Amino acid sequence: MGGGGGGGGAGSDNALHPEKVKIVATCLVVSVGVYLLGLYLKSGAEWRSNLSLSVNMKKKKKPIRVYMDGCFDMMHYGHCNALRQASALGDQLVVGVVSDDEIIANKGPPVTPVHERMIMVNAVKWVDEVLSDAPYAITEDFMKKLFYEYNIDYIIHGDDPCVLPDGTDAYALAKKAGRYKQIKRTEGVSSTDIVGRMLLCTRERSISDSHNHSSLQRQFSHGHSQKFEDGGSGSGTRVSHFLPTSRRIVQFSNDKGPGQDAHIVYIDGAFDLFHAGHVEILKLARALGDFLLVGIHSDQIVSAKRGAHRPIMNLHERSLSVLACQYVDEVIIGAPWEVSKDMITTFNISSVVHGTVAENNDFLKDNPYAVPISMDIFQVLDSPLDITTTTIIKRIVSNHEAYQKRNQKKAESERMYYEDKTYVSGD
């Protein structure tokens, strides 16, 4: 009994007093509250930090938009290289194509109309957007439109001067606004040069069509004709001064080859005076497969097939123009005339195509496609545009005097540029 009573007394002493229970409960509530508050504050801080980071990332992610304009008449690899350099100065490249009327007012008649020039610029793989009917000179109103409507950050132009008929700088306002950036002009080519080569071609042909030693192809590949260097042509036109480098080829090339099971389409040609007709047939050919391989015939082959005065542009110049086209994945520089079985196997070619519009449509007589025809992988495509290199040359010939005058007008500024030329960093 006594033991039992002792036990009962001990249990009574160990029992928690109601006040103690209240204190313990309060401490637990406070501890949990503090813990939860800490979690809330921590998560809130993290949320605010993430929000701030997100906002900053959005600010950082705003693309830098750059603008370059031009006539892009007789578009060549020099234009393409300028657009490549401009693209490297920002995230998005917007290109303005000057209208026909503006070119006529400031330079003389364009060789290629604006709709063809738009096709050419849109096809360049470094171009993101194209504006039609851009003014020749950047006025204050147009500059504001670029900045506020098109969100342009910088206006780009080459290191060669662009002077208006009144003698003022066409980019003076952009420079004053501090939104102008300069790129390096591409060596050895201009539209003036190319028009001059065609004028030279027509003059030589009229003097002696069989005098092969005066062919443009030989001058471009093996040296310069002194009488034209000295301005004996009357137009101040220079023959090709292009200095091809492996680096330039790499800059224009794509860095991806075809996939293992890719349908590879092959098309070949001279691609001389690369024009809208070329672009449209290449676009059509590319749509037939996964990879477009373009064969560019050598100067010797073009001369043999088209005459001693062809090509106007040499092999490396033609190769760069084709490589700049967004529809082209790879080129063969100096492709053979005949498409052989070995070539089809080597490049894993699935289809060989040819357009209906070409310099010489009786190609089947010569039959360079006999092998792909026998393999049932040859296809003739309906060319979207009825334009050839001869078409471009005829435009020059039909308006010979106007282009002669235009070239004479630009000859002095071209001469001064090369005399005063200094090294400009860039690529």
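Two strands pair if DSSP finds at least two bridges between them. Helices (H or I, at least four residues) and strands (E, at least two) are themselves DSSP runs, numbered from the N terminus. The structure described here is a predicted model, in which local features need pLDDT of at least 70 and side-chain atom pairs count only at pLDDT 80 or more, while totals for chains, interfaces and linings use all residues. Residues are numbered from 1 along each chain as its sequence is written, and side-chain values use heavy atoms, with hydrogens and water left out.

The protein chain holds 19 helices and 10 strands. Of its 427 residues, 46% are buried; buried means under 20% relative accessible area, exposed over 50%, and partly exposed in between (1.4 Å probe, protein chains only). Contact means heavy atoms within 4.5 Å. Among contacts between residues at least 6 apart in sequence, 80% join residues at least 24 apart.

Strands of a sheet pair through backbone hydrogen bonds, either parallel or antiparallel. Strand E4 (residues 154-158) pairs with E5 in the parallel sense over 4 bridges, and Ile 156 has Lys 181 in E5 as its bridge partner.

Within strand E3 lies Ser 132, which counts as partly exposed at 44% relative accessibility. Leaving aside neighbours within four places in sequence, Ser 132 is in contact with Val 97 and Met 118. Ser 132 and Met 118 are 14 residues apart in sequence and 7.3 Å apart in space, C-alpha to C-alpha.

Aromatic rings supply a further set of links. Rings of Phe, Tyr and Trp (its six-membered ring) pair if their centres lie within 6.5 Å; planes under 30 degrees apart count as stacked, over 60 as edge-to-face and the rest as tilted. By this rule there are 5 aromatic pairs. One of them joins Tyr 67 and Phe 142 edge-to-face, at 6.0 Å centre to centre and 65° between the planes. Tyr 67 lies in strand E1 and Phe 142 in helix H6, so the pair ties together parts that are 75 residues apart in sequence. Both Tyr 67 and Phe 142 are buried. Another pair, Tyr 171 and Tyr 180, is tilted, with 5.9 Å centre to centre and 45° between the planes. Tyr 171 is buried at a relative accessible area of 3%, and Tyr 180 also counts as buried, at 19%.

Charged side chains meet rings as well. A charge sits over a ring if NZ of Lys or CZ of Arg is within 6 Å of the ring centre and within 35 degrees of the ring normal. Lys 175 lies over the face of Tyr 180, 5.0 Å from the ring centre. Over the ring of Phe 147 sits the charged end of Arg 179, 3.8 Å from its centre.

Strand E6 (residues 264-269) pairs with E7 in the parallel sense over 6 bridges, and Gly 269 has Ile 296 in E7 as its bridge partner. From E6 the chain crosses through helix H12 (residues 276-286) to E7 in a right-handed β-α-β crossover; right-handed means that, with the strands pointing away from the viewer, the path from the first strand over the helix to the second runs clockwise. E7 is also joined by 5 bridges to strand E8 (residues 330-335), which runs parallel to it, and Leu 293 has Glu 330 in E8 as its bridge partner.
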